[in-house]
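Thanks for making time this morning; I would like to walk you through one model, going from sheets to helices to the relation between the chains.

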Number of protein chains: 2
Amino acid sequence: MTETGGALAGPVEIVGVGLLGTSVALACAKAGLDVLLSDATASHVRTASGLGAGRPRKPGDSPQLVVVAVPPAHLGEVITRVLADSPDAFVTDVGSVKASPLAYVREHNPDDVRRYVGGHPMAGSERSGPLAATATLFEGRPWAVTPHADAAPEATALVEELAALCGALPLVLEPDDHDQAVARTSHVPHLMAALVAGRLAVAPVGHLRLSGQGVRDVTRVAGGDPGLYGQIVAGNAHAVTALLAEVRTQLDDMIEAVGNGDAAALDVLLKEGQAGTRAIPGKHGRPQTVQASVYVTVPDEPGNLARLFADAGESGVNIEDVRIDHDPGRPVGVMELIVAHDAADRMQAVLESRGWVAHR
Amino acid sequence: MTETGGALAGPVEIVGVGLLGTSVALACAKAGLDVLLSDATASHVRTASGLGAGRPRKPGDSPQLVVVAVPPAHLGEVITRVLADSPDAFVTDVGSVKASPLAYVREHNPDDVRRYVGGHPMAGSERSGPLAATATLFEGRPWAVTPHADAAPEATALVEELAALCGALPLVLEPDDHDQAVARTSHVPHLMAALVAGRLAVAPVGHLRLSGQGVRDVTRVAGGDPGLYGQIVAGNAHAVTALLAEVRTQLDDMIEAVGNGDAAALDVLLKEGQAGTRAIPGKHGRPQTVQASVYVTVPDEPGNLARLFADAGESGVNIEDVRIDHDPGRPVGVMELIVAHDAADRMQAVLESRGWVAHR
């Protein structure tokens, strides 16, 4: 048994070696744990093994922890089966919803539910399958760990340790809280983005030429895989519909306010939205600081961004965020450097002194 | 009269020397035009003059073109007055809505409406007032030019020339088309972002810790000034309410689909959203190309971004877009470099060869 500095000593079995499962496997293998790989598709296991993610599970193997990484629609069923097949193992998963798989396990295998504690790493990729996996996928990301009332404390501790081993930040909360939280911070924003983007799909010819950065930001997540997202939302239907109903009430108020020219009523809604943007935790969990943007004109050629960031680095000002504006029609981009408010003048001055066209 | 290579020879009068007006003035002054400044607040004129944006208008001055840059609620009234006060001038504006000011002018000064052609530069800043102005504010941005049936062709030509002089890309379309287009690409996305963000404002304690990049993107525009946005929406109430009603119908369908577990109906809505994200014109007006993301782990310290972009530049791959992931909890950021799909492997390999932790 490899020394890992904690209770998580392996073997760790990964059931479902797609993007997430293989990434967890790679991180565990890198940490020296014995990693067992299982998948309904045998070629996926061969691929993941070939990447150094672990070895196929053999009869007689007895995992300490099993990580279920199958599509959302199959979570409850597979977790239940794994609990029965590996009676000495603790079990977790990496699914986007937590209450419905737990309810399934409770119903079908109530005696073993104590060995299951769910998890949800906030990471992904536009790609899928084991070849897209990487040991660093979870680096710096939140990883929700969702113990329930009957959960064994050792199970919770193992899942937290797994998250930390993967470089993620474990956040412990209850399954229902998790699902309500992701309905609000992920599922409903995604669905509303899809509705806004859906109106773009039926736009008259030429109207989308006026698209700016705002609409690109609002709709970007709606470009994700509809099949996967449909499963995620279906698994969290209760929390999602409750919140969508709230949004509909607000939308009715908004339509009435705009239609009646009721500036005060519209202002209430816009101010609540502004307050919401400020309620999101700041970078790295710190309180949000007042930030300012410095806009820089950048010819769209390789090397210019490097030069810009080298020059910006000379200011000693930390860049909190960056954006490239995609306005149509000319081979010049506008780069937005977001910095602390009281450092923006310095950044602008340094860039201008090095020949950049910059403004606030 | 300064040689400017076209029909726009000045003087150009700017009425309202806030951020947009003073920025237009600075660009015109930089091009050698005689610029006249007017504002209800005399100190703004002094400030803008002090910046080199032009000189106060004097009796006897006869502008060739007047640019009205006042708050949205006052556009129609001020344009009408300017047409009467400057009987030899052509008149434009820089407001976010175009049909309602035109209707006001038609009603109150039908004989002079031919001398007015509206405009709308797609640019702004978080800051306001003349001190925030810059001659480069419009660099690379679309600038809608909206002639109407009775417009003098010279007026349209002058406004197009003004947009080009400011470094913007003139896009000619009818006022109603403009308003419908911005309802779809700007006003409704903003309002829906405000509703999503409004739900964040009332989130239970701790739930927003699960916020990822997606919800930040969806809600970012809702951080803008509610007062200004209320005026803009009020000026485009007809187009906005029509489109909000469409969104409401779709939202009803969505609530029903999720509530009933109707995966097929939800899939239709999600697929329409995905199609909408692909309908937005690509960078610089080119067709959208297939892009891929390379994620890089970056310690959050000054200088690291410069080093990253210098190393990325060595790959010879053009970076189409960049993002910094703001996940809470640790002093490490994840930088997303968006590049052409077939160049992503090369970018990843070059970065890894220089010691970066990168994945796709």
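Strand β6 of chain B and strand β7 (residues 142-146) of chain B run antiparallel and are joined by four bridges, and here, as throughout, two strands pair if DSSP finds at least two bridges between them. Helices and strands are themselves DSSP runs, helices being H or I over at least four residues and strands being E over at least two, numbered from the N terminus. Within this pair, the residue standing opposite His120(B) is Ala144(B) in β7(B).

Before I go on, a word on the basis: this is a predicted model, in which local features need pLDDT of at least 70 and side-chain atom pairs count only at pLDDT 80 or more, while totals for chains, interfaces and linings use all residues. Residues are numbered from 1 along each chain as its sequence is written, and chains are lettered from A and ligands numbered from 1 in the order in which they are written.

The β6-β7 pair belongs to an open sheet of three strands in chain B, ordered β6-β7-β8, with mixed pairing. Its edge strands, each pairing on one side only, are β6 (118-121) and β8 (169-172) of chain B. Direction ignored, neighbouring strands of this sheet are turned by 25° against each other on average.

Turning to chain A, we find an open sheet of five strands in the order β3-β2-β1-β4-β5, and its pairing is parallel. At the edges lie β3 (55-56) and β5 (90-93) of chain A, each of which pairs on one side only. Helix α5 (residues 153-165) of chain A packs on this sheet, touching β4 (65-68) and β5 of chain A, and its direction makes about 50° with that of β5(A); contact here means that the C-beta atoms of two residues, placed from the backbone, lie within 7 Å. Such angles run from 0 to 180 degrees between N-to-C directions, with axes fitted to C-alpha atoms, for helices over the stretch in contact.

The axes of helix α9 (residues 237-259) of chain A and helix α6 (residues 175-201) of chain B come within 10 Å and cross at roughly 130°.

How many residues does each chain bring to the contact between the chains? Chain B contributes 125 residues and chain A contributes 125 residues. On the side of chain B that touches chain A, α6(B) gives the most, with 21 residues.

Finally, the relation between the copies: a rotation of 180° with 0.0 Å of shift along its axis superposes chain B on chain A, with an RMSD of 0.0 Å, the superposition being by least squares on the C-alpha atoms of residues with pLDDT of at least 70 in both. That is the relation of a two-fold axis. Of the residues of chain B, Val218(B) comes closest to the rotation axis, at 2.0 Å (C-alpha).
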